[in-house]
Amino acid sequence: MKKYIAVLFLLWTGVIITAYYVIQKPGLLTALTGLLDTVWTLLVAVILLFNANGLGRRILGLLKFEAIDSIDHLVLSWGIGLGVLGVLGLFFSAAQLANEMILTIFQIALALFFLFRNDLKILRADFNSCLHQVHAAFSQYSFFTRVAVGLTALLSFLLTLAPPFEAFDALLYHLTLPANTLQNGGLYAANNVPFWFPGLTEHVYLWALGMGSERAAQILHFGWAILFEFLLWHWSVKGWDNEIGRKTLLLLAAIPSLVMLASWAYADMALVYYAVAALYAFAWYRFTRSSSWLFLAGIMAGFAMSIKYTSFVVPLTCGLLLFFHSPLRKAISSAAQFSLIALAVAAPWYIRNAIMMGNPIYPFVFGGRYWDDFLATWYAEAETGIGWNALQILLLPLNTVLGVQDVTFFDGRIGVLFLILAPFTVWILISRSRPDSAAGWSLIAVGVFSLLSFAAWTVGVINSSALWQARLLLPALIPFAIPTALGWASLKAFDTPRLRISSLVNGLISLVVVLTLIDNTLFVLQRNPLAVATGAQSRERYIERINPSYAALMTLMEDLPAEARLYSLFEPRSYGLPRTTQPDPIVYNFAYDVYRYKTPADILQHWKSEQYTHILVYERGLDFMKESETDKFTPALQKTLEDTLSQLILIDQTPDQVYSIYQIP
């Protein structure tokens, strides 16, 4: 009898508890989906980073590379491995194997292989050795420095846990390309210009999206940021001392946009890492004369060329400096080896473009598929920059810092410290850049690279307003933190008994760092990424809060037929949209249609022939073109647009009227 009573009581208890929690719906149960998604995101990131380390370590082994210490080995192998993941992503894409199941099985199998080969044990040993060195160095730093560096990294990591719907270029192509590749099962000839930029980062993100986690892509980009900061710190400590390392980290912490940029699925942090790694390897090659460092410099320069066309300054710098070698035969031999390695590593992306688009550097110089003179002129925006105005060129550093003309001000804020310390930095570069030590070669490499990068960017800004983006300077500016830290340290030489300028500047720099930390902390608190990470807020609600217009568009498009095909006007983004959409990547769709088909009737007929069913108009983008791009979007073009839209059927708008959807009759 007792047994039956006990069983009945347990059943009674189970029924009551189940009924209670089904009706009351406690927060944990409603948040469970979000929590599980975050756990999977972290697991995907760990798997990919673990595999990257295993791949990179084996590449270093094949090169017979003997790192000076465990930090070199860890940081460099991880960077190489991430680059190899990008190349593998391109291979799977080209082989039409870009399938969620195939990509997931491959990465899990690779992780199991590395586990059975004791890679975890080796990684743990390297990691512990690095932690020991870092702890020994950081124990000498002030509490303020440790908080500034740690809080900067923490804030950026927290932002990676938020859905990627605030990052414009991620929605334009960094995430759209891998998402579309998965949708199509592999590589295809998309009519989207940014898709054909060198795509190493996008094909690393392909693995994350293929394994079902868009936020893991952001963690990978954050990983590149941690790697270059770690490498810069290590470089400055090894080349000079612990104090220069501390100052280098504080200068990075004072860059306002770094926390946000590092958390987005962009390409900037990857490019910065490979630029820093190439310069670092080059400097140690010139100091040690070890061919392993030369090969490593070539690999890192090749990976930089695999990310953006603007990275040409990285191999150019190393190649030019290799000629300053004696004897001349050795200089030519070293430059040739470096160049061949860099070109071989970067070749897959340029071969892809040559095969698919008919131009290895599509769409520049040689044109190619979907490209003609009209589009080249439209994209270049020639003679829209500051021109050869001497005053504007002189004011360029100040205006860049102020951001008054930056087309991407929000993610292009570089702070004031580099400009403040610039006179002393230049003095350091002039007085201490001597080819007689590792430190001297480091300054030569960073100085020449920064000079060439700043010069190339300045020429671009002179010619085109579209290139006025301080964010493009980050690959040059961030390694410039080392000579800037030396310039900061040199202030002590100018102290007098009555005026200790170094103490005054230290206080001002500390204030700038504090203000930057406060600003970034407020930014993260406003975004509240932990709400999504813990499941307290759904992905959909977060997008509605951060990007309400785009969220409303996604909801609006859900009501369209499943077979609907949309043609965007003035909206470059398309990531996450639930219906097939041809974006307007360089905001040229309608102008180009008018150029080719002239009249509204013929334009409408062309849209029908391409099997588009709806037209999406981004009203905010249209207003921008009307107000700011009148040379391109002329009154005649505006009138043609009005006449064309009048022949369509307006079927819906977002509540804020930012997006309008027309049906093609």
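Analyst: The side chains of Lys308 and Asp268 are joined by a polar contact of 3.4 Å; a polar contact is a pair of N or O atoms within 3.5 Å, where within protein one must be able to donate a hydrogen and the other to accept it, and residues adjacent in sequence count only if both atoms are side-chain atoms. Do keep in mind that this is a predicted model, in which local features need pLDDT of at least 70, side-chain atom pairs count only at pLDDT 80 or more, and totals for chains, interfaces and linings use all residues. Residues are numbered from 1 along each chain as its sequence is written, and side-chain values use heavy atoms, with hydrogens and water left out.

You will find Lys308 in the loop between α14 (291-305) and α15 (313-322); helices (H or I, at least four residues) and strands (E, at least two) are DSSP runs, numbered from the N terminus. With a relative accessible area of 14%, Lys308 is buried, a word for values under 20%, with exposed for over 50% and partly exposed in between (1.4 Å probe, protein chains only). Beyond its neighbours within four places in sequence, Lys308 is in contact (heavy atoms within 4.5 Å) with Pro198, Ala267, Asp268, Leu271, Arg471 and Leu472.

Now to the rings. Rings of Phe, Tyr and Trp (its six-membered ring) pair if their centres lie within 6.5 Å, and planes under 30 degrees apart count as stacked, over 60 as edge-to-face and the rest as tilted. By this rule there are 41 aromatic pairs. In one of them, Trp371 and Tyr379 are edge-to-face because their planes stand at 85°, with the centres 6.0 Å apart. Trp371 is buried at 12% relative accessible area, while Tyr379 is partly exposed at 26%. Another pair, Tyr567 and Tyr612, is tilted, with 4.8 Å from centre to centre and 45° between the planes. Tyr567 belongs to strand β1 and Tyr612 to the loop between α30 (600-609) and β3 (614-618), so this pair ties together parts that are 45 residues apart in sequence. Tyr567 is buried at 6% relative accessibility, and Tyr612 is buried with a relative accessible area of 12%.

Ring pairs also build a cluster, made up of Tyr173, Phe197, Tyr309, Tyr350, Tyr362, Phe364, Trp371 and Tyr379.
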